Amino acid sequence: MTALVGVLCTDGVVVGTDSAASFTAGQAFTIKQKVKKLWVAENCAIVAGTGQVGMGQRFTEIVGSTFTNNKCKNKKPLEVARELAAASHKDFVNTGAHQGQFGALVAFGASKETHLCEFATRDFQPELKNEKTWFVSMGSGQPITDPFLGLLKKAFFADTQPTLAEGIFTVTWTLQNVFDLCVGHIDGPSQIGVLTKKDDANFAARILTDDEITQHEENARGAERHLAEYKNKLQSNKPKEDIPEPPPTR
């Protein structure tokens, strides 16, 4: 089971995922262990997938070869997305893989800007995110992550696209929320990658360190504590109940 979250920011891209992999015997879960689910390709792209692990390995290799020597920097982003989808479809068909087995998020640099692309699990067709649809979640945790992202958008980013720092906060809090609610299936620690633009021709992709992620997790917990304190305000505004008069004495 997996939770993927991506945010297209004004100054970069953030992609995050959980760390748990489950082994199954038929319909029963047998083993859960920590695995790597986030990869940096050629220092200019970030890849995270959901579904068949083997197909994810092949897709990551395809992304790496596509961005070798920064050869996509002058291509249009939709052209890059189509190339990745076409090459992956060809590779998957060669071994008889069926559609609906794998989906992915890819952050990459092209045409002097950073981009976030969703490759849908259903048919692996690419969709580029933009300033209006700047967040996405995938995987079995989506029924939890989507509503939470919608709440954060309404509360913090109703009319604005987040900055990179705000995007990291959003991804961290969203993942932490799904870890808390989906105990035993989707688990941490969080793996978070960021893509930024160095200049018009070069981009930098990296995975945040554990210390960096811990700092953002503290920010998320601080936000939760702030919400908890709001309860006191609700209590102070609560109308006082009328106290009944004592019955007359005889």
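**A first look**

Q: Let's start with Ser111. Is Ser111 buried, exposed or partly exposed?
A: Ser111 counts as partly exposed, at 30% relative accessibility. Buried means under 20% relative accessible area, exposed over 50%, and partly exposed in between, with a 1.4 Å probe and protein chains only.

Q: Where is Ser111?
A: Ser111 sits in the loop between strand 7 (102-110) and strand 8. Its phi is positive, about 50°, although Ser111 is not a glycine.

Q: Before we go on, what kind of model is this?
A: This is a predicted model: local features need pLDDT of at least 70, side-chain atom pairs count only at pLDDT 80 or more, and totals for chains, interfaces and linings use all residues. Residues are numbered from 1 along each chain as its sequence is written, and side-chain values use heavy atoms, with hydrogens and water left out.

Q: How many helices and strands?
A: The chain has five helices and 12 strands. Both are DSSP runs numbered from the N terminus: helices are H or I with at least four residues, strands are E with at least two.

Q: And how much of the chain is buried?
A: Of its 250 residues, 42% count as buried. The accessible surface comes to about 13900 Å², and 52% of that belongs to carbon and sulfur atoms. Those areas come from the Shrake-Rupley method with a 1.4 Å probe; for residues, only the protein chains shown count as cover.

Q: What about positive phi at Asn43? What is the value?
A: Phi of Asn43 is near 65°, and Asn43 is not a glycine. Asn43 lies in the loop between strand 5 and strand 6 (45-51). Asn43 is partly exposed, with a relative accessible area of 43%.

Q: Which peptide bond is cis?
A: The one from Gly188 to Pro189, with omega near 5°. Pro189 is in the loop between helix 4 (164-181) and strand 11 (191-197).

Q: New topic. How many salt bridges are there?
A: The structure holds 11. A salt bridge here is a side-chain nitrogen of Lys or Arg within 4 Å of a carboxyl oxygen of Asp or Glu.

Q: What is the N to O distance between Lys37 and Asp18?
A: Their closest N and O atoms are 2.9 Å apart, in a salt bridge. This pair links distant parts of the chain, 19 residues apart: Lys37 is in the loop between strand 4 (28-34) and strand 5 (38-41), and Asp18 in the loop between strand 2 (12-17) and strand 3 (20-25).

Q: Are those two buried or exposed?
A: Lys37 is buried at 9% relative accessible area. Asp18 is buried too, at 0%.

Q: Last one: what does Ile62 touch?
A: Leaving aside neighbours within four places in sequence, Ile62 is in contact with Leu84, Ala87, Ser88 and Asp91. Contact means heavy atoms within 4.5 Å. Ile62 is in helix 1 (residues 53-66) and counts as buried, at 9% relative accessibility.
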